Amino acid sequence: MKNINTIFSAFALAGLLSLAPLQASEDSHNMEGMDHGEHMMGESKVGKSGKGMAPTQTIQVTMLDTMRFEFDKAPSLKDGDVVKFVVTNKGKIPHEFSIGSPEEQAHHREMMKDMAGMDHGDSDNTVTVKPGQTTPLFWQFAGKEQVLFACNIPGHFEAGMKHSSSIN
Ligand SMILES: [Cu+2]
């Protein structure tokens, strides 16, 4: 979907500016970068899936329609920690809990806008939780990185559905 839109806008732009040959090569280069970005979705700067690993700590996360995450304790993360997040949606609308670097979350948010209305599957770093449900997410943190927990459903992050932390 994103690529089709990009192709259409690339043609529209090239036509408008009458810079067709130059513009076309610029845009095909950009599209390669985009494909790469989507391919990288399962990987992260802040760690990897902790599925199948023994958790070193468990953190309860509550999702609220006031566009807030509530943690039973402020996440205190160390390099190598395997955290079991127990994510409960106490609201009446679906919410997402996603783990990533600030850059990864910004990229994810752009993709969610493009895919508005489409069902998209969760990946290793993200769970979407329906109202009244609880879903676990296992993550192993790595490095000394800034971590951003985010709900990337359009409008939610902007309204404050995020939490910053760092790996020590
Ligand atoms: Cu949300």
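1. Two strands count as paired if DSSP finds at least two bridges between them. Strand 5 and strand 8 pass that test: three bridges join them, and they run antiparallel. Keep this pair in mind, as several points below return to it. Note also that the model is a predicted one.

2. Start with the overall plan. The protein has 168 residues, and 23% of them count as buried. It contains three helices and nine strands. Read from the N terminus, the order of elements is α-α-β-β-β-β-β-α-β-β-β-β. Among contacts with a separation of 6 or more, 80% are between residues 24 or more positions apart.

3. Five strands make an open sheet, in the order 1-7-4-2-3, with mixed pairing. Its edges are strand 1 (47–49) and strand 3 (68–71). Each has a single partner strand, so one side of each lacks a neighbour in the sheet. Direction ignored, neighbouring strands here are turned by 30° against each other on average.

4. Strand 1 pairs with strand 7 in the antiparallel sense, over three bridges. K48 has Q140 of strand 7 as its bridge partner. Such pairing in a sheet works through backbone hydrogen bonds, either parallel or antiparallel.

5. Now strand 5. How many of its six residues are buried? Six of the six are, so strand 5 is largely enclosed by the rest of the structure. The burial holds on both faces. H95, F97 and I99 lie on one side, and E96, S98 and G100 lie on the other.

6. Strand 5 has partners to trace. Four bridges join it to strand 6, and the two run antiparallel. Within that pairing, F97 stands opposite V127. Towards strand 8, I99 has F149 as its bridge partner. G100 stands opposite L148 of strand 8.

7. Strand 8 is itself mostly covered, with four of its five residues buried. It also pairs with strand 9 (residues 162–166), in the antiparallel sense, over five bridges.

8. Then the nonpolar core. The largest one has 21 residues. F85, V87 and F97 have the most contacts inside it. The elements giving two or more residues to this core are strand 2 (57–64), strand 4 (82–89), strand 5 (95–100), strand 6 (126–129), strand 7 (134–141) and strand 8 (146–150). Which of them gives the largest share? Strand 8 does, with four residues.

9. Which residues does it contact, leaving aside neighbours within four places in sequence? They are V61, M63, F85, V87, V127, V129, L137, F149 and C151. F85 and V87 on that list are, with F97, the residues with the most contacts inside the core.

10. Helix 3 covers residues 102–114, which is 13 residues. From first C-alpha to last it reaches 19 Å, close to the 18 Å expected at 1.5 Å a residue. E104, Q105 and H108 are buried in this helix. They cover an arc of only 95° around the axis, so they sit on the same side of helix 3. In general, an α-helix has 3.6 residues a turn, so residues three or four places apart point the same way. The buried residues of helix 3 pack against strand 5 and strand 8. The face turned away from them carries the exposed residues E103, K113 and D114.

11. Two loop residues are worth checking. D124 is in the loop between helix 3 and strand 6. It counts as partly exposed because it has 18 C-beta neighbours inside 10 Å, whereas a buried residue needs 20 or more. D124 and F138 are 14 residues apart along the chain, and their C-alpha atoms are separated by 8.4 Å.

12. Most residues other than glycine have a negative phi. M67 has 18 other C-beta atoms within 10 Å, so it is partly exposed.

Notes: Residues are numbered from 1 along each chain as its sequence is written. This is a predicted model: local features need pLDDT of at least 70, side-chain atom pairs count only at pLDDT 80 or more; totals for chains, interfaces and linings use all residues. A nonpolar core is a set of buried Ala, Val, Leu, Ile, Met, Phe, Trp, Tyr and Cys residues joined through C-beta atoms within 7 Å. A residue is buried if 20 or more other C-beta atoms lie within 10 Å of its own, exposed if 12 or fewer, and partly exposed in between; C-beta atoms are placed from the backbone. Two residues are in contact if their C-beta atoms, placed from the backbone, lie within 7 Å. The expected span of a helix is 1.5 Å times one less than its number of residues. The arc is that of the directions from the helix axis to the C-beta atoms. Axes are lines fitted to C-alpha atoms, for helices over the stretch in contact, and angles run from 0 to 180 degrees between N-to-C directions.
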